Amino acid sequence: MATQTKTKNAAKLDRPLPLTTTAVGSYAKPDYLTKARSEFTQGKIDRAELDKLEKKATEYWIRVQEKVGLDVLVHGEMERGDMVAYFSGEEGGNPIKGMKLGGLVRSYGNRYYHKPIIHDRLEYPGPMTVDMWKYAQGLTDRPVKGMLTGAYTMVEWSFDEAYPTRREAVLDMARIIRSEVQELVKAGCYYIQIDEPAIHTRPEEDFQLAIEAMHATVDGIDAEFHTHICYGPVEKVYTEMVKLPVKQIHLAFKNTDFSYLDLIRENGYPAGKDLGVGVTDIHTRFIENVDEVKDGLRRTLELLPADRLWILPDCGLKTRTVEESEAKLRVMVEAVQAIRREIGA
Amino acid sequence: MQTTVVGNYPKILNRPKPARLRNAINKRDRGDLTNEELAQIKDEVTIEAIAEQIAAGIDLVTDGQLRWDDDQTYVARNFKNIEIGALQRYLDTNTYYREPEVNGPVSFQKPTLAPDWEFAHKNSSKPVKAIVPGPYTLASLSVDKHYNSRERLALAYAEALREEIQALIAAGCKNIQINDPVIAFAKEDFKFFQAAIVKLLDGISGAETGVYTWFSDCASILPQMLELPIDVIGLDFVWGRANWDALKTVSFNKKLGLGIVDARNTRLESPDGVAEAIKRAAESVPAERIYAGPSCGLEYVPRETAFEKLKVLVEGARRVEGVPA
């Protein structure tokens, strides 16, 4: 038996897996944490108490993912309310300098949120996500992804009172997200997911800017970058989108019944990139059956080999209950295991 | 020149003031408030929204559309064969609406807008403009499971919406704004957008009608828009800057809805900036034919910001007119 010459890096897979399983980012907060967050806002409990409960919930989700059998884990975002607001002044976060939360704006129906405001030139405030990543990675010997929101989405989903143009705001924001990436890498993180769900907001006008911002965020840094792109007119941006300088792009395949496969068939998919395939719909309580997921995987395997595919839910699972999320992950892993056997991987 | 708004107004106040409508809807959903009690609160907050526009100095107000979840479903849900479907992102915003699903022939059943207008009119010292969803935009943002043709769906919506307009005019409404923003994003559809507007306004008289667009420019279709059988063309000069140049190239024979205060950002304009923009537009359109307003509905910014923006708009407009603020 060969002697181990190098300590295993828990944050990185030893070798590429066929159909690597992972998740997109968020999970539902257990009731005790939701309650504690509101008590913290009202000043009834202190930061240390909230911190303890956030860690407890994070450990819960790490164990769930291990038990279900995911290969690469997420920490679950128990400390975050919203993916932009967390970096912009949400209670408990370390906000980017120059950002604050604004008044309430309606998102739909009777739902309102505090939309962030860029009120001054942006500056990096020091590590925003590193402690929680370190804590989560310390709990497990499977890799845990670092989770950030991309510069374009950060700016697009905020008001901007400080910059003359969106371009200047986005590129300044990219420098800040890059600093956080560097801190994560310094801490030992290898897989870093930079979400850009707003990337297709203005395809003609802004897509090059979004790509430029991603370059400014990741270029020259030794880590593997993934990006999650949500619902929206993916077909309009596909040929540009695949130029994003990341190793992996993941898309919500299930939500569109795998119609994105047609885009890949018609336009190809770059040789150097992995594809993240969303196989369970996160907007429905309904739990897909294993055969349905297997069918999606088989169709995808007609186009790309197993070692270039990562399998995940369509999006973050924070809108689903704890039980629904577990059930969806279980179905996903069971289907992946069956297909691995089928293809002799 | 007059000042106006482009439809909706933020529904709730910010802390520490109570978010009355939001709280009331939550209570109703929990079963702690009856629908009648909720309707009463909707009336009260509508009166407040009208009063706020008037306090800011707006000449032509709306009811703020506080009863509306979105432009797509508020009127269409009362048409025959419409069901309310999934959430969709609204154009290039991070705001969502529910898609009307068309399951059979669309038709008008009972007026939705006329009773709202009458209520607002009774509670306003200024004229109240009614907001009507545009048939083309409504068809573009619906799920068509019946007509298999967006054009035929748009014409069917136009017939049904015409009855809303007739009811508004019968109630005494003199100003009608038709919301058709999608045409600015799909100018190639102009012919069928036009057909829908023509059908919508067929035989309509007795009120000033306008079609409003936002979030983008109408530069390449502006000459054709000036031939529509309508009195006012509303354009967004903040998010559709190309409208400025287009304005110089046409002979603007209608009234202009001049969207110059950014209703999608909290950055506050200055009265001087507003005055300058109005003067610039007045080089192409006589000031007495200008309605100065925000770039779109104000619901994209918090309530307090909306009010501040309207005050700046009015102050800027008064500087142009030489009226002391």
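Q: Which residues does B:Leu258 touch, not counting residues up to four places away in sequence?
A: B:Leu258 touches B:Phe237, B:Ile278, B:Ala281, B:Ile290, B:Tyr291, B:Ala292 and B:Gly293. Contact requires C-beta atoms, placed from the backbone, within 7 Å. This is a predicted model: local features need pLDDT of at least 70 and side-chain atom pairs pLDDT 80 or more, whereas totals for chains, interfaces and linings use all residues. Residues are numbered from 1 along each chain as its sequence is written, with chains lettered from A and ligands numbered from 1 in the order written.

Q: Which members of the largest nonpolar core touch the most other members?
A: They are B:Tyr157, B:Leu168, B:Leu258, B:Ile278, B:Ile290 and B:Ala292, out of 96 residues. Such a core joins buried Ala, Val, Leu, Ile, Met, Phe, Trp, Tyr and Cys residues through C-beta atoms within 7 Å. Buried means 20 or more other C-beta atoms within 10 Å, exposed 12 or fewer, and partly exposed in between, with C-beta atoms placed from the backbone.

Q: Which helix gives the most to this core?
A: Helix H5 of chain B (residues 150-171) does, with 11 residues. Helices (H or I, at least four residues) and strands (E, at least two) are DSSP runs numbered from the N terminus.

Q: Turning to the backbone, is B:Phe215 buried or exposed?
A: B:Phe215 is buried, because 21 other C-beta atoms lie within 10 Å. Its phi is positive, about 75 degrees, although B:Phe215 is not a glycine.

Q: And what is the peptide bond from B:Arg15 to B:Pro16?
A: That bond is cis, with omega near 5 degrees.

Note on methods
Two residues are in contact if their C-beta atoms, placed from the backbone, lie within 7 Å.
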